[in-house]
Amino acid sequence: MNRFEEIYYEAKSDNWFQRFAIFCRLALAASFIPAGYIKIIGERFAAGLPSNNPLGHYFDALHLTGYYYTFIGVAQIVTAILLLIPRTSLLGALMYFSLIVNICVLTYATRFDGTRIVTIMLLASLFLLIWDYDRLKYILPFKQPNTDPYVLKKPRGVRLRVIFFGGSFAAVAFIIVGTFYLYEIIPGNSEAECRNQCASSKKPAACEIFCDCIYKQGQPLDSCLATFDKTKDVRRSP
């Protein structure tokens with residue numbers, strides 16, 4: 001048995017890790033139930049997000065896709081239910097991971113303010129997949145050596161918990177702080193939020209033009225970013 005599997009099976013038998021896995025399943029299921037329900041009843045998701053917001057454009061178009069929109073809602077509800085049932089939790093984790101990866105890429109592409117929480121959800125989903133490594137390893141494209149039944153030789157105990165949960169808090173802190181510096185400018189969740197960042201921006205005039213491009217003209221994000229960069233360059237050249 002390799003070192004990773006030794007650590008894995010020790011964590012698998014630890015009550016703290018077992019409770020954390022249950023918490024992740026409950027939290028992720030709870031995030032999909034209201035989102036799926038809104039789609040099933042036919043309401044636009046994130047109704048408070050303006051249509052001219054880059055992600056608002058997407059939600060408006062998605063809302064108009066008819067039964068595909070309903071299908072997404074049903075898939076989210078089914079995924080949540082599968083996560084809540086211990087016997088089907090692995091299937092739920094696989095379905096959740098495929099959905100949350102798509103959502104995470106979408107939030108980064110549109111510079112959505114909720115990117116932080118979605119990234120944390122993605123990490124929690126990844127943890128659940130690793131938690132079921134003992135079942136998933138047989139479908140992975142790696143040679144599986146024959147191993148003897150797990151016997152705990154040198155338990156790491158509290159040290160393993162400190163390393164894992166300390167690392168988890170550090171990862172969350174890195175995501176929260178790091179995303180503040182990821183983009184020079186973002187559209188925000190509203191026009192007011194977009195303009196609030198202009199006060200602290202090094203290029204306030206270019207920032208205001210960017211916000212006008214997003215919320216007044218309703219232009220795509222890439223076009224508004226190009227206008228923002230062009231305005232900066234013009235004002236820098238004199």
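Predicted model: local features only at pLDDT ≥ 70, side-chain atom pairs only at ≥ 80, totals over all residues.
Colleague: Hi! How many disulfides does the count come to?
Modeller: Hello! The count comes to three disulfides. With the bonded cysteines numbered in sequence order, the pairing reads 1-4, 2-3, 5-6.

Colleague: Nice. Which cysteine is joined to Cys 194?
Modeller: That is Cys 211, with an S to S distance of 2.1 Å. The link of Cys 194 and Cys 211 is left-handed, at -90 degrees about the S-S bond. Cys 194 sits in helix H9 (residues 191-196) and Cys 211 in helix H10 (residues 204-216), so this pair links distant parts of the chain, 17 residues apart.

Colleague: Is Cys 194 buried or exposed?
Modeller: Buried, because its relative accessibility is 0%. Cys 211 is also buried, with a relative accessible area of 0%.

Colleague: And what does Cys 198 pair with?
Modeller: Cys 198 is joined to Cys 207, S to S 2.0 Å. The torsion about that S-S bond is about -75 degrees, so the disulfide of Cys 198 and Cys 207 is left-handed. Cys 198 is buried at 3% relative accessible area, and Cys 207 counts as buried at 1%.

Colleague: Which parts does the Cys 213 and Cys 224 pair tie together?
Modeller: The sulfurs of Cys 213 and Cys 224 are 2.2 Å apart in this disulfide. Cys 213 lies in helix H10 and Cys 224 in helix H11 (residues 221-236), so the bond ties together parts eleven residues apart in sequence. Its S-S torsion is about -85 degrees, which means a left-handed disulfide. Both of these cysteines are buried.

Colleague: Switching topic: at what angle do H6 and H8 pack?
Modeller: Helix H6 (residues 115-131) and helix H8 (residues 158-178) pack at about 150 degrees, and their axes are 9 Å apart. That angle makes H6 roughly antiparallel to H8. The crossing of the two is right-handed.

Colleague: Which residues make that contact?
Modeller: From H6, they are Arg 116, Thr 119, Ile 120, Leu 123 and Phe 127. H8 brings Phe 164, Val 172, Ile 175 and Ile 176.

Key: Residues numbered from 1 in each chain as written. Heavy atoms only, no water. Axes fitted to C-alpha atoms, helices over the stretch in contact; angles between N-to-C directions. Helix = DSSP H or I, 4+ residues; strand = E, 2+ residues; numbered from the N terminus. Parallel < 35°, antiparallel > 145°, perpendicular 65-115°, else oblique. Left-handed = near helix turned anticlockwise from the far one by under 90°. Contact = heavy atoms within 4.5 Å. Disulfide = S-S within 2.5 Å. Buried < 20%, exposed > 50% of the residue type's maximum accessible area, 1.4 Å probe, protein only.
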